[in-house]
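Try each task yourself before you read its solution.

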Amino acid sequence: MRYLGLRLLQSMFVLLGVSLLSFVFVELAPGNFFDEMRLNPRISSSTVTNLRKQYGMDRPLPVRYFRWVESAANGELGFSFAYNAPVAPLLWARARNTLLLTGSATVLAWLIALPLGILSAARQRGWIAQACELFTTALLATPDLLLALGLLFMAVHFHWLHTGGMFSRESAGQSLWGLSKDLAAHMILPVTVLVLGSLPLLLKHTRAAMLEVLDSPYVRASRALGISRGRILFRHALPAAINPLVSLFGFSLGSLLSASLLTEVVMSWPGLGPLLLEAVLDRDIYVVIGAVLFSTLLLVFGTLLADVLLFAADPRIRTEDLA
Amino acid sequence: MKAKHGMAILLIFLGLLHLAVFAAGFLAPYDVAEQDRELPFAPPTRIHFADAQGTIHLLRPLVCLMAENSAQFGSYYEDTRKCFPIHFLVHGPQYKLVGVFATNLHLFGVDPPARLFLMGTDAYGRDLFSRFLHGGQISLAAGLLATLLSLGIGILLGTASGFHGGWLDAVIMRFGEIFIALPWLYLLFALRAFLPLNINPSQAFLLLIAVIGSVGWARPARLIRGVVLSGKERHYVLAARMFGGSGLYLMRRHILPQTYSIILTQAVLLIPQYVLAEVTLSFLGLGVGEPEPSWGNMLASVQQYHVLVSYWWMLLPGIALIPVFLSFVLLANALQARAT
């Protein structure tokens, strides 16, 4: 438990560091939301000055930072200039949609990667292993952006699926079942992109982890004892190989979030991606900082979760902690 | 033996690619900004090896004149009666080879009024093939320079961290953890958000390199720190220290050479990632802007629904990236396999 406590403390440190760094960068950066506003001839300069005062942007950096920390503690995360509303509710409305995408993509990707990785490790020269190798190399060379564009093109060209957004216009006012069916149809494309994008790494690591364990003396010993192949694979080798995979689960969230950001923009999914892009273009800095912090929080949460899972899955870590 | 051949082929392919992009002006038949207002969104020009009479032209293929269908805007037909041969080493628009030698010699071209668009044209009737070659100059250079920058920072901080140890090590590594903790695209967005938006292409190019390069230093720094940490305890390094070698001398002569293979592998891994980062940012309108072509902003028009639906060749600049990335991925694999 001490170990987990330490990790929690470390994550807090990372979050604080990210927020502080973002504020310093904002301070150093030339130009801001109000400078863009000043360029608009229909807004008088006294209005801009007043607005600046109202948002507290005329105060020095430490004051602004502490005010922001205060508002973060209140669950507001600062104030959006462009939406004229607190950032946290804005973010949360979009983050739910992003989580829906990344959550389903994570589950699906692992469901596909684990059996394929185990199989290709078990039969190294089999056709499954060869096909996986080819498949992962091809996917590694295809950036998420192209995957998204290519799939979107095919879907539109062959009239396969619903594209763009979360719901069709006709679905308004339908029953819950109808709505979820519509949602699922809209999710297929973006989730496919995310799954395909994250598969190569997962497959590669699953295979490598399994291969390492299968190579160890105790597996050879169990084989010599006449234990069946399937039992060795799933009962003896897999629990030992799961360790690096759990850590990978924590790490892979980061690249998944990045891929999701891009996919959402391309497929116009109302998640964090379009919101963040708009905020960057509008220089709505508190939204940007909020979104970045949110992604950090998710990632930190992912690695913490991985730690807890490791703790549960690996008796070696537990005894280490007791000692 | 086989792996060695594979690596050689990859290196030759990548070398040729960089050469082609470097000499884009010579290989490209048209200027990047040259617009043909008569032929917006023209599909890739068909190359004929036989004319209307059925005579075979294997060595001098033909290109037929394109004309717009009067019935439908943006659709074209070929006038097979008016065909022109493709010439090699022709005189065309002026350009500067390698940015120095002014010339107007191009590898191939057709006589006007015929036009040769190998990858079709965009909304302004600009040749996508010429723009793709020139765009590569920006995208590849951004990738290479950003890799140099982030490896430079990584080597500096990694060796300092590993060699000095103590508080410096702790500070640098904790600082690096913050960078690794963030999803890279969020980090790129954030850095980009704090920098001015309305800038000219060359400023944007330098800015992109700075942003992309300063994001990725943490991972190489960590790897290099690890090698330095174990490397400085090696017996021959300790012996050199006993003989009175200074810190800098030990570093340069004995410790840094141990990190070369890791630096090389990291470079091959990072270059495609950073090229992709440029492509992504320019695609989203946060990078190098029009009229200067880059691999990213050439794809940006596909974000419009009707362009994606009606003009499939607008995706060609993206598809052409796959062999580029594939060869980098295979090269990285080969390097990693050689290291273990």
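A residue is called buried if 20 or more other C-beta atoms lie within 10 Å of its own, exposed if 12 or fewer do, and partly exposed in between. Keep in mind that this is a predicted model.

**Exercise 1. How confident is the prediction?**

Task: Find the mean pLDDT of chain B, and say where in chain B confidence is lowest and where it is highest.

Solution. Start with the whole chain: chain B has an average pLDDT of 84, and 99% of its residues score at least 70. Next, go element by element. Confidence in chain B is lowest in strand β2 (residues 62–68), with a mean of 78, and highest in helix α3 (residues 128–164), at 91. For the complex, the predictor gives an ipTM of 0.83 and a pTM of 0.86.

**Exercise 2. One helix, two sides**

Task: Check the length of helix α6 (residues 127–141) of chain A, then work out which of its residues are buried and which are exposed.

Solution. Step one is the length. At 1.5 Å a residue, the 15 residues of α6(A) should span 21 Å, and this agrees with its end C-alpha atoms, which are 21 Å apart. (The expected span is 1.5 Å times one less than the number of residues.)

Step two is to sort the residues. Cys132(A), Thr136(A), Leu140(A) and Ala141(A) are buried in α6(A). Looking down the axis of α6(A), these buried residues fall within an arc of 155°, so they line one face of the helix.

Step three is to find the partners. The buried residues of α6(A) pack against α5 (87–122) and α8 (176–214) of chain A, and also against α13 (321–339) of chain B.

**Exercise 3. The sheet of chain B**

Task: Give the order of the strands in the sheet of chain B, and say which strands stand at its edges.

Solution. Begin with the inventory: chain B has 13 helices and four strands. The four strands make an open sheet in the order β1-β2-β3-β4, with antiparallel pairing. β1 (47–48) and β4 (101–110) of chain B are at the edges, each with a single partner strand, so one side of each has no neighbour in the sheet.

Now zoom in on one pair. Strand β3 (residues 76–97) of chain B pairs with β4(B) over eight bridges, in the antiparallel sense. Two of the facing residues can be looked up in β4(B): His106(B) stands opposite Val90(B), and Phe108(B) stands opposite Phe88(B). Finally, look at the hairpin. There are three residues between β3(B) and β4(B), and Val98(B) takes a positive phi near 55°.

**Exercise 4. Where the chains touch**

Task: How many residues does each chain bring to the contact, and which helix of chain B supplies the largest share of its side?

Solution. First, count: chain A brings 42 residues and chain B brings 33. Second, look for the sources. On the side of chain B that touches chain A, α4 (166–181), α5 (184–193), α9 (247–283), α11 (305–310) and α13 each supply at least two residues. The largest share, seven residues, comes from α5(B). Third, sort by class: this side of chain B has 29 nonpolar, two polar and two charged residues.

**Exercise 5. Classify two residues**

Task: Are Ser247(A) and Arg64(A) buried, partly exposed or exposed?

Solution. Take Ser247(A), which is found in helix α10 (residues 229–266) of chain A. Ser247(A) has 16 C-beta neighbours inside 10 Å, so it counts as partly exposed. Leaving aside neighbours within four places in sequence, Ser247(A) is in contact with Ala306(A) and Leu310(A).

Then take Arg64(A), in helix α4 (residues 61–73) of chain A. With 18 C-beta neighbours inside 10 Å, Arg64(A) counts as partly exposed. Not counting residues up to four places away in sequence, Arg64(A) touches Gly56(A) and Arg59(A).

Technical notes. Residues are numbered from 1 along each chain as its sequence is written. Chains are lettered from A and ligands numbered from 1 in the order in which they are written. This is a predicted model: local features need pLDDT of at least 70, side-chain atom pairs count only at pLDDT 80 or more; totals for chains, interfaces and linings use all residues. The arc is that of the directions from the helix axis to the C-beta atoms. Two residues are in contact if their C-beta atoms, placed from the backbone, lie within 7 Å. pLDDT is the predictor's confidence in each residue, from 0 to 100. Two strands pair if DSSP finds at least two bridges between them. Ala, Val, Leu, Ile, Met, Phe, Trp, Tyr, Cys and Pro count as nonpolar, Asp, Glu, Lys and Arg as charged, and the others, Gly among them, as polar.
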